[in-house]
Amino acid sequence: MGKWLAALAVLGLVATPALAGPLRAGAEAVRDRALNDPTAYDYVESISVEVGQRLAGSEAAARARDWAVAKLTSLGFSNVRVEPFPITAWLRGPEEAQITSPHPQKLAIIGLGGSVPTPPEGVEGEVALFHTYADLLAAPPGSLTGKIAVVTQPMPRGTDGVGYGALNAVRRQGPSEAARRGAIAYLHRSLATGISREPHTGALNYEEGAPKIPAAALSTIDAELIDHLAARGQPLRIRLKLASTTQPATAWTVEGEIPGKAHPDQIVQVGGHLDSWDPGAGSIDDGAGMAIAVAAAKLAGTQNPPARTIRVALFGAEEMDFARAAFAAAHAKDNIVVIGESDIGADRAWQVMLPAGSANTPAMLDYAATIAPLGVVVSPMPSRGSGDDTADLVRAGVPAFAVRQDASRYFDWHHSSEDTLDKVDRDQLNQAVATWAAFVYVAANSDIDFRALAAPVATFTATPSPQPSVAPPTPPAAKPGP
């Protein structure tokens, strides 16, 4: 018995069907099964060991596709299929950097996804140091001519990962902002909460009208080293070498379903992204996210035949921003009742954000009561989205739910070589699965109409997700790309 299930038993909160209506009783049974179910951990262990990193457009991504088809089939999903879509693959080559003055010292760096390469001999320049991103934005045009811009602003730790969202522009837009001011290259402190010599990658977005300059992330330790050296008042120089290639490629979203018995055309949609960055094994980003969605769907769908169809999607190219538009184009006409994406690691859930207008319905009150013993609360604020791959459908009116998990450790490792299986805690993973599975069960076995409930509420108006860093090839007219 896992620790969460044991705690429920001690508190007298293990499912008691005679004391609850059938919907809540079923949700509680799913919750309790999830707390001791091996599906999620076995899933993330398998993809971490048998596939590992799976950068979209790489040979490993094709192996991940085949692995995913076999895995969903073995877990009993039906209508397992592959949806291809065109991307521009960005593939990493050799990378290195060093301080050349006041004395030679190697730096731990990693190129940002979509970065242009340096010339083969590299680029070298004096460092223009900015302790905050706001300081870079305040620099006047031409002030960085011939220099390498370096931003060393640290990312704060938090349960909700708010620091990552607040500083995302440092990585996404920073290279173009530095280029507009004359910089020949760009480095930033990794968007990471840990202190490590392992740098964290991620995609950038070159902006129209700005030169494209090579860009990379520094390890947090080396960013602090640069701060210390600069404090001594000596000019710093850095040499940077980045190699990469781009090429037209295909990515694949893999899907499977548990058909609904009463309303098969009504779909409860969950998923995570199949691709990962290349330095680690992709265990928490997003092996764990996929595992949570897959295990939740399986558990909810096998408690009894669901009234509505439960569909899982393993999105094929999230990290470089390609999957959401392709998935929306392929499924714009589907009757998706509600959608959710799992992409915040393997640690425990602590809050759920429900579709607008639904929190006080009998079905969602049953759900709130089911997850309360797990230490999970329903937010008073409705969900305005769920994940990058679902964003275009949400903007088109599909209701979303979002499960917030403890992200206080997640950004120590994500997008780095330390994204590995040992970071996954089975009990925390299963608690997150239980939170998801109970929702999927209630949504799939009730007649709740999330769209109608949300109708009086303002439509989704969040800032659109950044567009791909490198332009994709022109796709077929029926499936426009991002």
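About 70 Å³ of space lies in the largest cavity of the model. The model is predicted: local features require pLDDT of at least 70, side-chain atom pairs count only at pLDDT 80 or more, and totals for chains, interfaces and linings use all residues. Residues are numbered from 1 along each chain as its sequence is written, and side-chain values use heavy atoms, with hydrogens and water left out.

The structure holds 5 cavities of 30 Å³ or more. A cavity is a set of points, on a 1 Å grid over the protein atoms alone, where a 1.4 Å probe fits but cannot get out; lining residues have an atom within 4 Å of a point. Points are joined across faces, edges and corners, and the volume is the space filled by probe spheres set on them. The lining of the largest cavity includes Arg54, Leu55, Ala56, Thr250, Ala251, Trp252 and Asp275. By class, this lining has 7 nonpolar, 3 polar and 2 charged residues. Here Ala, Val, Leu, Ile, Met, Phe, Trp, Tyr, Cys and Pro count as nonpolar, Asp, Glu, Lys and Arg as charged, and the others, Gly among them, as polar. Helix α4 (59-74) and strand β8 (237-258) each supply at least two lining residues. β8 gives the most, with 3 residues. Helices (H or I, at least four residues) and strands (E, at least two) are DSSP runs, numbered from the N terminus.

Strand β6 (residues 185-189) is largely enclosed by the rest of the structure, because 5 of its 5 residues are buried. Buried means under 20% relative accessible area, exposed over 50%, and partly exposed in between (1.4 Å probe, protein chains only). In a regular strand, side chains alternate between the two faces of the sheet. Both faces of β6 are covered: Ala185, Leu187 and Arg189 lie on one side, Tyr186 and His188 on the other. β6 pairs in the parallel sense with strand β5 (residues 148-151) over 4 bridges. Ile148 stands opposite Ala185. β6 also pairs in the parallel sense with strand β7 (residues 215-218), over 4 bridges. There, Ala215 is the bridge partner of Tyr186. Pairing requires at least two DSSP bridges between the strands.

Helix α8 (residues 220-231) has 12 residues and should span 16 Å at 1.5 Å a residue; its end C-alpha atoms are 17 Å apart, which agrees. The expected span is 1.5 Å times one less than the number of residues. Thr220, Asp222, Ala223, Ile226 and Leu229 are the buried residues of α8. Thr220 counts as buried at 2% relative accessibility. Leaving aside neighbours within four places in sequence, Thr220 is in contact (heavy atoms within 4.5 Å) with Arg189, Ser190, Ala192, Gly194, Ile195 and Ser196. Just after α8, Gly233 takes a positive phi of about 85°.

Most residues other than glycine have a negative phi, and most peptide bonds are trans. Asn79, in strand β1, has a positive phi of about 50°. Asn79 counts as partly exposed at 45% relative accessibility. His415 has a positive phi of about 65° and lies in the loop between α13 (410-413) and α14 (426-445). At 4% relative accessibility, His415 counts as buried. A cis peptide bond joins Ser101 and Pro102, with omega of about 20°. Pro102 lies in the loop between β1 (78-101) and β2 (105-107). Another cis bond joins Asp285 and Asp286, with omega of about 10°. Asp286 is placed in helix α9 (residues 283-303).

Definitions and conventions
1 Å grid on protein atoms, 1.4 Å probe; cavity = no way out; pocket = protein on both sides within 12 Å on 5 of 7 lines; lining within 4 Å.
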